[in-house]
Amino acid sequence: MVPNERTSEEVTCIRCLEEKEVQELDRLLWCEECQKRAQKRASTWGWVAGGALALLLALYIWFVIEPAADLIPTGWIAALVAAFYLGGRVSREIIFGAMRIRSRRAVEARPPPPSAGGASSEAE
């Protein structure tokens, strides 16, 4: 058997359940479209988590630290913006990593129809 002969077979993507060429899938058997959709979904949830972190930090600053009015508020605003940005980025990566580890099929995935040939011949 030639080592590159395997690249011509079709494999089902774990996420969308569509049949793709082997070279179109990554090592976890996700196609490129599924990776992009998962990154977009993780990005959305990451920014929501970053916003929640910034909101919690703002509440902490307002009620616990109680900054004086004569202090420069731009420093506090910069801290909130940094918390939003960094929290969103870190959350996005964690969420995307969790999606990859769980490797569940996508909500919009539909199983392929049964093949017309039925069972493969065993005489080969």
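This is a short chat about a predicted model of one protein chain.

Biologist: What does the secondary structure of the chain come to?
Modeller: Two helices and two strands. Keep in mind that the model is predicted.

Biologist: In which order do the elements run?
Modeller: From the N terminus on, β-β-α-α.

Biologist: Let's take α1. How many residues, and what reach?
Modeller: Helix α1 covers residues 32-65, which is 34 residues. From first C-alpha to last, α1 reaches 47 Å. The expected figure is 50 Å, at 1.5 Å a residue, and the helix comes close to that.

Biologist: What follows α1?
Modeller: E66, with a positive phi near 50°.

Biologist: Which residues of α1 are buried?
Modeller: C34, A38, A42, S43, G46, G50, A54 and I61.

Biologist: Why would residues three or four places apart point the same way?
Modeller: Because an α-helix has 3.6 residues a turn.

Biologist: And what covers the buried residues of α1?
Modeller: The cover includes α2, residues 73-102.

Biologist: Switching to pockets. What volume does the largest one have?
Modeller: About 170 Å³.

Biologist: How many residues line it, and which lie nearest its centre?
Modeller: The lining has 11 residues. Nearest the centre are R15, M99, R102, R104 and R105.

Biologist: Which element gives the most to that lining?
Modeller: α2, with four residues.

Biologist: And the lining by class?
Modeller: Five nonpolar, one polar and five charged.

Biologist: Back to the whole chain. What share of the residues is buried?
Modeller: Of the 124 residues, 21% are buried. The accessible surface is about 9400 Å², and carbon and sulfur atoms hold 62% of that surface.

Technical notes. Residues numbered from 1 in each chain as written. Predicted model: local features only at pLDDT ≥ 70, side-chain atom pairs only at ≥ 80, totals over all residues. Heavy atoms only, no water. Expected span 1.5 Å × (residues − 1). Buried < 20%, exposed > 50% of the residue type's maximum accessible area, 1.4 Å probe, protein only. Contact = heavy atoms within 4.5 Å. 1 Å grid on protein atoms, 1.4 Å probe; cavity = no way out; pocket = protein on both sides within 12 Å on 5 of 7 lines; lining within 4 Å. Points joined across faces, edges and corners; volume = space filled by probe spheres on them. Nonpolar A, V, L, I, M, F, W, Y, C, P; charged D, E, K, R; others polar. Areas by Shrake-Rupley, 256 points an atom, 1.4 Å probe, with all protein chains shown as cover.
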